[in-house]
Amino acid sequence: MSDEIDAILNDDAKLQEIVDYCFQEADANGDGTIDSQEFESHIKMVYEDINIPVPTKENMDVYMSSLDINSDGKLDKGEFKKYVIDMLTKDKESRAS
């Protein structure tokens, strides 16, 4: 699986497909952005799926703020891409240990 993750991370088209899919999945209200509630819900699902401890709400808020480059309180698809890369990397690391 780690080879598959590497292949995704090293192929912009494959990575964008994953970003698009995850963004659509996380954007529960379909407004084209991910708000803090949608982000929290998505991150809990992903962390549970890859079997790593879910961060506290405070840590999720700090993480979202670090991704929110334009500081509008929401993530657009470009900002969300960094999150997807982080999650793929965490998934790869969790499988290696």
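Student: How many aromatic pairs does a search of the whole structure find?
Tutor: Rings of Phe, Tyr and Trp (its six-membered ring) pair if their centres lie within 6.5 Å; planes under 30 degrees apart count as stacked, over 60 as edge-to-face and the rest as tilted. Run over the whole structure, the search gives five.

Student: Before we go on, what am I looking at?
Tutor: It's a predicted model, where local features need pLDDT of at least 70, side-chain atom pairs count only at pLDDT 80 or more, and totals for chains, interfaces and linings use all residues. Residues are numbered from 1 along each chain as its sequence is written, and side-chain values use heavy atoms, with hydrogens and water left out.

Student: Which helices do Phe-23 and Phe-80 lie in?
Tutor: These two rings make an edge-to-face pair, 5.4 Å centre to centre with 80° between the planes. Helices here are DSSP runs (H or I, at least four residues), numbered from the N terminus. The residues sit 57 apart in sequence, so the pair ties together two separate parts: Phe-23 is in H2 and Phe-80 in H5.

Student: Is the pair of Phe-80 and Tyr-83 stacked, edge-to-face or tilted?
Tutor: Both residues lie in helix H5, three residues apart, about one turn of the helix. An α-helix has 3.6 residues a turn, so residues three or four places apart point the same way. The ring centres of Phe-80 and Tyr-83 are 5.0 Å apart with the planes at 50°, so the pair is tilted.

Student: Is Phe-80 buried or exposed?
Tutor: The cut-offs are under 20% relative accessible area for buried, over 50% for exposed and partly exposed in between (1.4 Å probe, protein chains only). Tyr-83 has 1%, so it counts as buried. Phe-80 has 0%, so that residue is also buried.

Student: What covers the buried residues of H5?
Tutor: H5 runs over residues 77-96, and its buried residues include Glu-79, Val-84, Met-87 and Leu-88. Contact means heavy atoms within 4.5 Å. On that basis the cover includes helices H1 (2-9), H2 (12-26), H3 (36-49) and H4 (57-67).

Student: Which residue caps the N-terminal end of H5?
Tutor: Look for a side-chain oxygen 3.0 Å from the backbone nitrogen of Gly-78. At H5 the cap is Asp-76.

Student: Which helices do the buried residues of H3 pack against?
Tutor: H3 has 14 residues, and among the buried ones are Phe-39, His-42, Ile-43 and Val-46. Phe-39 also belongs to one aromatic cluster with Phe-23, Tyr-63, Phe-80 and Tyr-83. The packing partners of the buried H3 residues are H2, H4 and H5.

Student: Which helix gives the largest share of the lining of the largest pocket?
Tutor: A pocket is an open set of points on a 1 Å grid over the protein atoms alone, where a 1.4 Å probe fits, with protein on both sides within 12 Å along at least five of seven lines; lining residues have an atom within 4 Å of a point. The largest one has a volume (the space filled by probe spheres set on the points) of about 380 Å³. Of its 18 lining residues, the closest to the centre are Cys-22, Val-46, Asp-49, Leu-88 and Asp-91. The largest share, six residues, comes from H5.

How values were computed
The expected span of a helix is 1.5 Å times one less than its number of residues. A polar contact is a pair of N or O atoms within 3.5 Å; within protein, one must be able to donate a hydrogen and the other to accept it, and residues adjacent in sequence count only if both atoms are side-chain atoms.
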